[in-house]
Amino acid sequence: MASTMLSLVSASALASPSLTLQDYRALGGSVHAAVLGKKKSNSFMKTKSRGRINMAIAVDVSRFEGITMAPPDPILGVSEAFRADTHEMKLNLGVGAYRTEELQPYVLNVVKKAENLMLERGENKEYLPIEGLAAFNRVTAELLFGADNPVIKQQRVATVQGLSGTGSLRLAAALIERYFPGAKVIISSPTWGNHKNIFNDARVPWSEYRYYDPKTVGLDFDGMISDIKAAPEGSFVLLHGCAHNPTGIDPTPEQWATIADVIQEKKHIPFFDVAYQGFASGSLDEDASSVRLFAARGMELLVAQSYSKNLGLYAERIGAINILCSSADAATRVKSQLKRLARPMYSNPPVHGARIVANIVGSPPLFNEWKEEMEMMAGRIKSVRQKLFDSLSGKDNSGKDWSFILKQIGMFSFTGLNTAQSDNMTNKWHVYMTKDGRISLAGLSSAKLEETIGILRLLLVDPVGL
Ligand code: PGU
């Protein structure tokens with residue numbers, strides 16, 4: 001597929017710093033129209049009021065009259081609503097962000113140490129190169145694949161620093177849109193809500209593969225495999241490297257191997273989203289094992305990484321896109337095109353988070369300290385999960401099987417609450433969560449657990465009673 005990727009690039013496209021109209025047409029303009037269908041109406045605009053817009057200019061009404069109100073974001077909108085709530089018992093189980101037992105945001109000690117080092121060194125604030133900080137790009141690929149992985153030594157990984165996980169996914173989506181016109185991305189049902197936005201905005205067609213089985217509150221493995229098989233050959237298969245969001249259900253190592261078999265058979269391209277490396281199990285290596293399994297088979301693949309959770313660097317927007325190619329030469333060309341896509345979007349990435357990661361991973365004592373803190377964070381979440389299970393099953397004599405809670409991993413529990421029940425949690429009990437029934441365990445403390453369990457149990461066992 002790597003050769004197809006580059007054969008699609010016209011000579012003029014490679015030579016010029018930005019694509020010409022002709023290049024766009026050659027690369028996908030027509031495909032878009034065919035794949036996505038020419039949109040006759042614009043869903044972002046109140047099209048009916050067009051006439052009013054024209055008149056508006058004369059009568060001094062806003063030129064933005066045609067812009068409709070956007071709905072709140074399903075995840076970040078929950079935090080906004082939470083901030084606006086003045087109730088003293090309010091609890092935010094919406095956003096996936098780590099909290100201490102006192103339910104406070106947590107800045108890792110090792111991050112503070114790295115920041116102090118940076119201050120001492122008096123580093124400057126010059127622009128980074130388009131691809132980001134070289135020391136960061138090196139360590140981030142090593143952390144993902146393992147420093148001794150032959151793919152690193154063979155220089156087959158094109159790594160570009162991205163604006164955290166989201167920005168890295170978006171850059172990859174732009175690459176797919178430009179160099180694989182018409183190719184489809186298949187995503188799990190359900191998935192992290194922003195995946196759909198990312199591919200929609202990048203104009204990459206997507207569809208869903210089965211993943212979650214509500215009957216077993218587990219993985220619909222057969223459904224997943226048959227949907228991956230049924231996807232058009234050469235599709236991109238978006239996979240959560242570990243700690244699937246929102247379900248917390250991951251394939252077993254044997255299932256991963258079968259997934260890899262099918263992807264290879266169908267000449268699909270795996271596209272991993274790794275937002276929780278080290279945060280799921282507490283081990284960086286274990287959480288990267290899915291990616292490494294695919295890489296060991298000699299497959300080409302994409303991996304978006306994020307340091308929001310595992311280093312608590314949410315607002316620093318630090319992550320990377322890694323594209324593992326079959327040759328060093330292909331990786332060099334792919335990297336050059338990623339840079340070319342990044343340049344008109346945001347020019348070059350921010351330096352602060354990149355330096356923090358490079359300093360921590362590059363220094364053995366700091367690296368060890370990070371691993372300890374990560375284990376501590378993952379450990380607290382695991383203990384909240386256990387307590388949630390113990391209390392629910394201990395207090396409940398309805399015969400409901402609560403073991404699904406212990407089978408899930410990562411920072412979330414997918415409770416099985418429906419939209420009405422989730423709304424009830426928020427509107428009546430001031431417990432904020434996403435409408436798909438996901439709760440962030442990091443938002444619970446031992447004290448808050450008891451209060452929340454009462455509500456959860458009632459909703460899950462006897463929803464009519466609430
Ligand atoms: N991919 C997955 C699977 C994620 O869960 C998240 C964050 C990201 C990527 C992107 O994170 P970055 O901060 O851009 O690196 N999901 C969280 C955070 C809130 C959000 O929706 O951005 C969540 O609560 O699902």
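A polar contact is here a pair of N or O atoms within 3.5 Å; within protein, one of the two must be able to donate a hydrogen and the other to accept it, and residues adjacent in sequence count only if both atoms are side-chain atoms. The model is predicted, and local features need pLDDT of at least 70, side-chain atom pairs count only at pLDDT 80 or more, while totals for chains, interfaces and linings use all residues. Residues are numbered from 1 along each chain as its sequence is written, and side-chain values use heavy atoms, with hydrogens and water left out.

| Side chain (N or O atom) | Ligand atom | Distance |
|---|---|---|
| Ser164 | oxygen | 2.5 Å |
| Lys309 | nitrogen | 3.3 Å |
| Arg317 | oxygen | 2.8 Å |

On its own the ligand has 530 Å² of accessible area (Shrake-Rupley method, 1.4 Å probe), of which the protein covers 92%. Around the ligand stand 18 residues, and those that come nearest are Ser164, Thr166, Asn245, Asp273 and Ser306, a residue being counted if one of its heavy atoms lies within 4 Å. Helix α9 (residues 164–179) gives the most to this shell, with three residues, helices being DSSP runs of H or I with at least four residues, numbered from the N terminus.

Elsewhere, the axes of helix α16 (residues 352–362) and helix α17 (residues 364–395), which are lines fitted to C-alpha atoms over the stretch in contact, come within 5 Å and cross at roughly 100 degrees. The two helices are therefore roughly perpendicular to each other, a class that spans 65 to 115 degrees.

Terms used
Axes are lines fitted to C-alpha atoms, for helices over the stretch in contact, and angles run from 0 to 180 degrees between N-to-C directions. Angles under 35 degrees count as roughly parallel, over 145 as roughly antiparallel, 65 to 115 as roughly perpendicular and the rest as oblique.
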